[in-house]
2 protein chains.
Amino acid sequence: MTPLLDALRERVGERYATLPEADRPELSDRHRRYHGRVQALVRPADTAEVAAVVKLCAERRVPVVVQGGNTGLMGGATPDDSGHAVLLRLDRLDRIRAIDTDNDTLTVEAGCVLQRVQQAAQAVDRLFPLSLGSEGSCTLGGNLATNAGGNAVLRYGNTRELTLGLEVVTAEGEIWHGLRGLRKDNTGYDLRDLYVGSEGTLGIITAATLKLFPLPRTRLTALVSFAVLTQAVAFLSLARQGLDAGLTAFELLSADCLELLHEQFPEGPNPFPERREPWYALLEFSSSATQGEAQARFEAVLADGLEQGLLSDALLAGSLAQSQALWLMRENLSDAQARAGRNMKHDISLPISQIASFVERTGDLLQARFRGVRHYTFGHLGDGNLHYNVAHPLDQSVAAHMAHYAAVSEIVHDSAHALGGSISAEHGIGQRKRDVLPRYKSPLELELMRRIKQALDPHNLLNPGKVLVIPS
Amino acid sequence: MTPLLDALRERVGERYATLPEADRPELSDRHRRYHGRVQALVRPADTAEVAAVVKLCAERRVPVVVQGGNTGLMGGATPDDSGHAVLLRLDRLDRIRAIDTDNDTLTVEAGCVLQRVQQAAQAVDRLFPLSLGSEGSCTLGGNLATNAGGNAVLRYGNTRELTLGLEVVTAEGEIWHGLRGLRKDNTGYDLRDLYVGSEGTLGIITAATLKLFPLPRTRLTALVSFAVLTQAVAFLSLARQGLDAGLTAFELLSADCLELLHEQFPEGPNPFPERREPWYALLEFSSSATQGEAQARFEAVLADGLEQGLLSDALLAGSLAQSQALWLMRENLSDAQARAGRNMKHDISLPISQIASFVERTGDLLQARFRGVRHYTFGHLGDGNLHYNVAHPLDQSVAAHMAHYAAVSEIVHDSAHALGGSISAEHGIGQRKRDVLPRYKSPLELELMRRIKQALDPHNLLNPGKVLVIPS
C-alpha cells in the first residue's frame, strides 16, 4: 500500500500534505492547553479534494480532525497525541461563491475568515450579523461547527439561525449538496442543524448559504446602571417592549469589571464617576429610522426606565466616537482580565428570569468554600449568557487559586444546571468539557447522541474524542 | 399475553383506549384523501401515559401513529390500512405548563390548540407569532411535527425558529426531558431540530418551550400593485431596507386571485377598480413606534416605491376596519378557490430571486402541454413560498383537468427544483409526497435520513410509511 502521506500528496499536491513539526501552532489550541500529534497536515484546495482526502482516510480507518482558524476555547480542533490522525486545515477553501441580494443570501466556503464575510455583505449594502471577538481570524467553518454566538444573538440569533444551507463531506467522503437558499423547506429531516454545532464529529462542513439582513440606518449606544441585578432583568423586558427587534445588544457588566477596566485602561471612559452602582449594561439600538427619530425613541425608553426606578443612571452616547469608546470598554474586557492575571472562565447560560438568583446563590456557595474569590461577571444578558469568571482572593496567589479550577467550575456548573441552565452557552464541548458533560446530560440524551454519531460516522473517524466518548 | 386493547386500557383507563368505528374522522385526513384502520385509538392524559403506551407498543412491535388537530394536508397523521397501528391522539395533553415573562418563554403541551397558545401569550402582553389558517383547530404538536410556517415567517421564522426546548417520547417509550428555555446552549447534537419537522417518525413530541415576543404597538396594512413580478421582488428588497424587522408580511396575490375574490365575495373590497395590474401584495408593518410615526415611515417607503416606478399603486389602510377587510381578502382565498371548483395545489418555495423566472417558465411549460389551464398564484413572497395552484381550462371539466394532477405537479415540482427550490415549503411530506421525494432528493441525502431513522426508531414503529420508505 502507498504510504499515507504519499497517497495524500497524490490528492492535494505535494505542497499541501506535510508531516508537521511538533511545534506547529496547528497542533496546539489557542491557549496551548492541548497538544496533539498527527500523521499529516493536509490543506485541500476545494470540496472535491476534501472529499478525496476523507475517502482515503476512511478506507484506511485514519481519523480526520478538521480545523478552521484555531480560535476555539475547548480544544475541539486539536488532535489527540496518538499521532494517528490527519489534520485537515480548510484555509484554502476561502471563496465567497455567490451573493444574491434579491434573496438576501451569501454562499461562502468554510475557510473564509468571518470578517471577510462581514465585509462582503457590507459591500452590497447588507449586514451579516455574526460578530465575535475573534472575527479577524476565526473562520465560518469553525463558527458553524460550534454554532458560534457572539454579540448580535439577541436580534439575529446564533450561527445556526443565520444558516439556510450547507455543503458537507460525510465520514465516507461523499459530498452532501445541501446549499439551499430557502427560508421554508420541509422535505425531510433537518440534517443542516444536526451538522451545525457538531464540532466536526458528524461531517465536515465545506460551505454554507447564509442569511443577509438590511444594514441598519442608525445605531445608537447607551450605558446604564442598576442598583440590583433584578432591575437589569426588568429593564431588559421594558427595553424589548419599547424597541422590539431594534434592541440589538444588552451587554451586562459588573462594577468589578468596570473597575478593572478603569485600572488597566485608565485612558478609557470613566462613566458615572460620582455614583458607582453594582451593575451596568451597554445597550445598542439599531433602527431603519432617521437618527433623530431613533434617538427620540431610545431616549423615551431610557426615561421610562429612570422613571420606573429601574435605572440609576443612563448615558446616551452623543457621537460615534463616544459610542465607539463605550464599545471599546466591552472589547477590552478580555485583555483587562489577562493583564490582571489568569482567572477561571465559565461560559454559561440561564433562563433570563434565573440570572439574578444564579449570581446570588453561586456567589454565596463560592464564598463559603473559597473565601475571598473575586468575580468578573459580564455577558449577553439578552441571551441569558453570562461569562462568569472567578479570580483569585487578594491574599492568595493566582497559581494557588487556579489549583481549585475543577472544584470551582463544578460549583458554577451545578448551580447553572440546577436553575435550568447550560454549562456551555457558546463555546461548545470539544475535549475540555467532554468528561463533565455526563454530569449534566441525561444518560438518555447521551445515548441518542451516540446513536446519531454511530449512524453518521460508524467507525468514529471524524474528530474522535470530542464532544462524546465513543466506546470502541 | 393480554390483548393489546386491554393492556392499553390498563395504562390510560377504559374510556381512553377504544376500537374506533371505521368512519371516525380521526381515521381519515382532513380532505378525506386517505383512510386508515387501527387496532386502537388511544388518548393518553399526560406524558407519562404517552410513554407507557409507546413502551407497550414497542414491546409488541406495534406501530404508533400520532395525531394532533388532524388539519395536515399530506396525510401525515393518517394510519395506513393494514389495521396494525395504534392511533395516538394527544388532545388531552393541552396544558399550558408555564409562562415566564422575564425569559419571554411559554411551555405548552403538544395537544394545545395554536389559538389558545396565542391567547395565553396575549394575556401576558406578549406575542406568540405563529399564525396559520387552521389556528383554531391545529395543535402545537402538529405545528412542531411539520415545522409549520404560516403568515409571520418573514419576521419571526418557522415553528423551528420559535422553539427553544422539547419534551419527546422516544421510540422505546423513554422520555427525553429537553424543555430548555435557553437562547444559547451548545452542549452536543441538536436533537431538538431533528425532532421538529420529522412528522412523528423519529419521536413523539409531548411538550415544547417556545419564544415569546413583544406585542407590536402599531400594525399597519397596505395593498400595492405591480406591473411585473420582478418589480414585486425589487420592492420587497426596498421595503426590507426601509422597514427592517418591522416588515411582518409581504403576501403576493395575482390579478386572477383578486378577480376570483371579487367574483366569490362581491361584498369584499375592490381595490384599484380603474387600474388592474397583474400582481398585488398585501404588506404589514409592525412597529413599537406610535401610530403617527409608524405611518410616516410606512408612507415614505410606499412613496419611494412609487417614485422608483416599482409600484403602480399603493393603498394604505386608513382604519382598523379597512385593514381587516384587506386581510379578510387573503383569508378568503382558500374558500374562494373551493367555491370555484377543485384545483391542483402546490406548496413550493424558491430563492426569492428566482420567483419571477419560475412563474414565467412554469406557466409556459404548462400552457404548452395543458393549453388553457388557469393559475391562482399567491403566497408568502418574503419567504419565497408560493401557493401555485392550477385550475381547469374553461373549456374542460374540473374532473377531466384533475386527471392530469400528477403530470402537472411533476412539471411544477421539476421547475421549482431546477431553480433551487423545494417541493414542500410548509406542508411537509407525509404520505402524499413520499414517493415523489426521491426525484428531488439525492440518494445520499435519503440514505442519511434513513440512517437517522434507523438510529432513533430501529424497528420502524413510529408513523411508518411517512416521509421515507424504510425497506423491511
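## Basis

Contact here means heavy atoms within 4.5 Å. By that rule, 87 residues of chain A are in contact with 87 residues of chain B.

This is a predicted model, in which local features need pLDDT of at least 70 and side-chain atom pairs count only at pLDDT 80 or more, while totals for chains, interfaces and linings use all residues. Residues are numbered from 1 along each chain as its sequence is written, chains are lettered from A and ligands numbered from 1 in the order in which they are written, and side-chain values use heavy atoms, with hydrogens and water left out.

Of the area that chain A buries against chain B, 14% comes from Lys184(A), Asn186(A) and Tyr189(A), more than from any other three residues.

The interface of chain A and chain B has 16 salt bridges, each defined as a side-chain nitrogen of Lys or Arg within 4 Å of a carboxyl oxygen of Asp or Glu. One of them joins Lys184(B) to Glu426(A), at 2.8 Å from N to O.

## Elements on the chain A side

Helices (H or I, at least four residues) and strands (E, at least two) are DSSP runs, numbered from the N terminus. The elements giving two or more residues to the side of chain A that touches chain B include helix 5 (153-156), strand 9 (175-178), helix 7 (229-243) and helix 9 (291-307) of chain A. Helix 15 of chain A gives the most to this side, with 9 residues.

## Domains of chain A

An automatic or database domain assignment sets the domain bounds. In chain A these are domain 1 (4-89), domain 2 (96-214), domain 3 (218-339) and domain 4 (347-418). The centres of domain 1 and domain 4 of chain A, taken over C-alpha atoms, are separated by 36 Å.

## Backbone at two asparagines

Most residues other than glycine have a negative phi. Asn460(A) has a positive phi, near 50°, and is placed in the segment after helix 15 (443-456) of chain A.

Asn147(B) also has a positive phi, of about 50°. Asn147(B) lies in the loop between helix 4 (140-145) and helix 5 (153-156) of chain B. With a relative accessible area of 3%, Asn147(B) is buried (under 20% relative accessible area, 1.4 Å probe, protein chains only).

How values were computed:
Buried means under 20% relative accessible area, exposed over 50%, partly exposed in between (1.4 Å probe, protein chains only). Buried area is the accessible area (1.4 Å probe) that two parts lose on being put together, summed over both.
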